[in-house]
Amino acid sequence: LIALASAAAVVGLFFGIKELVKDPWIKNYASAVVYVQAAYHYHAVIEDMPIPKSLWDGELPVERAKYSQLYTATGFLVDRKGVIATNRHVAVPWEYEKEEVRTFLLNDANAERKRALPFTECNSYADAQKLKEASLVGEAIVTEWWNSGDHSWANLNAMIARMLQAKIVLVGEMDFISVGYSDRYYTHSDELKRCFVIGESKTDDKDVALLQLNEKKTPDEIKYVIDINNKIYEGEIAPLAEELVMIGYPGTSHSLVENTHSLQPVIRATRVSMKPDRFSFEYQGESLGGLSGSPIFNPKNGMLYGVNRGHWPAGATFGKACKAQFLKEL
């Protein structure tokens, strides 16, 4: 479950913040890159119901624990007002859910529906009373049947059948998004700073999004931000032409130093590995989990080239990044 949005950490030789290379933009940007921890859940909702939502909202009483998911990622501050750039799949992760997870949750929701409507036909007022007492949806169906004026058993049974056959949809909802800063000390997730989504690209091709700190202010001690209005590279990206740097947090286990409880990002040199397409480019480095949303930039001039977005299948030695120009667009 954590694997979904915890995409694209680079495995290899990492340099800690205390061992920065000589290029000043690495040091400038390191504190602007933030650790992201978030959680979301699903609602299972019946569409096209035979009853009005004033009687029942259509939401099935599913077990919340099965529908909740926690994940980590990376983001970076882009202004002094607490705006953070990251990936779209970090901001709306339910739109990227694995098919096997969706199938499991839909099957579970369908089982809940059957439990809420334990029989498919009513042929007496005693049956109708049992249906009414079985669940909230059963009570709503019987109420609508009575209000309709057609008190035939055929009408009531048709409503039951339609409710049992109606489509169930999973609706995602964010529980929280929080961020942590480098060189800060954390012993509990409640100490992270809360934020919320203010924009996302609406398309998977442009996998970018913007978050907003609740305080609407970038901490004073963070002296530099990655300015997406003035520091985005929009020229042609030539493979292997320039050494680039990626900074990010590959999950809690890698990023939280055990003895001090301080957050430390990883910093790694990389290069574009093949000619980019319209939306993204490949970079050198094998991938695992945690660095979605990490900035990839030129360490000599601070120009932002891309936002790390994911990886190729296991065993590949290339990661993928969305072009940074789409952040400026957003």
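The following legends describe several close-up views of a predicted model.

Residues are numbered from 1 along each chain as its sequence is written, and side-chain values use heavy atoms, with hydrogens and water left out. In this predicted model, local features need pLDDT of at least 70 and side-chain atom pairs count only at pLDDT 80 or more, whereas totals for chains, interfaces and linings use all residues.

**Figure 1. Overview of the protein.** The secondary structure comes to eight helices and 14 strands; helices (H or I, at least four residues) and strands (E, at least two) are DSSP runs, numbered from the N terminus. Of the 330 residues of the protein, 51% count as buried. Buried means under 20% relative accessible area, exposed over 50%, and partly exposed in between, with a 1.4 Å probe and protein chains only. Among contacts (heavy atoms within 4.5 Å) between residues at least 6 apart in sequence, 74% join residues at least 24 apart.

**Figure 2. Helix H5 and its surroundings.** Helix H5 covers residues 136–148, which makes 13 residues. From its first C-alpha to its last, H5 reaches 18 Å, close to the 18 Å expected at 1.5 Å a residue; the expected span is 1.5 Å times one less than the number of residues. The buried residues of H5 are Val 137, Gly 138, Ala 140, Ile 141, Val 142 and Trp 145. Their cover includes helix H3 (99–116), helix H4 (125–134) and helix H6 (153–165). After H5 comes Gly 149, with a positive phi near 90°.

**Figure 3. The aromatic pair of Tyr 29 and Phe 297.** The structure holds 11 aromatic pairs. Rings of Phe, Tyr and Trp (its six-membered ring) pair if their centres lie within 6.5 Å; planes under 30 degrees apart count as stacked, over 60 as edge-to-face and the rest as tilted. Tyr 29 and Phe 297 form an edge-to-face pair, at 4.9 Å centre to centre and with 75° between the planes. The pair links distant parts of the chain, 268 residues apart: Tyr 29 belongs to helix H1 (residues 24–30) and Phe 297 to strand S12 (residues 295–297). Both Tyr 29 and Phe 297 are buried.

**Figure 4. The aromatic pair of Tyr 125 and Trp 153.** The ring centres of Tyr 125 and Trp 153 are 5.0 Å apart and the planes stand at 70°, so this pair is edge-to-face. Because Tyr 125 lies in helix H4 and Trp 153 in helix H6, the pair ties together parts that are 28 residues apart in sequence. The C-alpha atoms of Tyr 125 and Trp 153 are separated by 9.3 Å. Tyr 125 counts as exposed at 53% relative accessibility, whereas Trp 153 is partly exposed, with a relative accessible area of 24%. Not counting residues up to four places away in sequence, Tyr 125 touches Trp 145, Trp 146 and Trp 153.

**Figure 5. An aromatic cluster.** One aromatic cluster is formed by Tyr 40, Tyr 42, Tyr 71 and Trp 94.

**Figure 6. Two loop residues with positive phi.** Most residues other than glycine have a negative phi. Asp 48, which is not a glycine, has a positive phi of about 55°. Asp 48 is placed in the loop between strand S2 (33–46) and strand S3 (68–77), and counts as exposed at 59% relative accessibility. Lys 202 has a positive phi near 70°. This lysine, Lys 202, sits in the loop between strand S6 (193–200) and strand S7 (209–213), and is exposed, with a relative accessible area of 66%.

Figure 7. The structure holds one cavity of 30 Å³ or more. On a 1 Å grid over the protein atoms alone, a cavity is a set of points where a 1.4 Å probe fits but cannot get out, and lining residues have an atom within 4 Å of a point. A volume is the space filled by probe spheres set on the points, and that of the largest cavity is about 40 Å³. Ile 237, Ala 238, Leu 240, Ala 241, Glu 242, Leu 244, Val 272 and Tyr 305 line the largest cavity. By class, this lining has seven nonpolar, no polar and one charged residues. Ala, Val, Leu, Ile, Met, Phe, Trp, Tyr, Cys and Pro count as nonpolar, Asp, Glu, Lys and Arg as charged, and the others, Gly among them, as polar.

**Figure 8. Val 90 in helix H2.** Val 90 is found in helix H2 (residues 88–91) and counts as buried at 1% relative accessibility. The C-alpha atoms of Val 90 and Glu 200, which are 110 residues apart along the chain, are separated by 9.8 Å.

Definitions and conventions
On a 1 Å grid over the protein atoms alone, a cavity is a set of points where a 1.4 Å probe fits but cannot get out, and a pocket is an open set with protein on both sides within 12 Å along at least five of seven lines; lining residues have an atom within 4 Å of a point.
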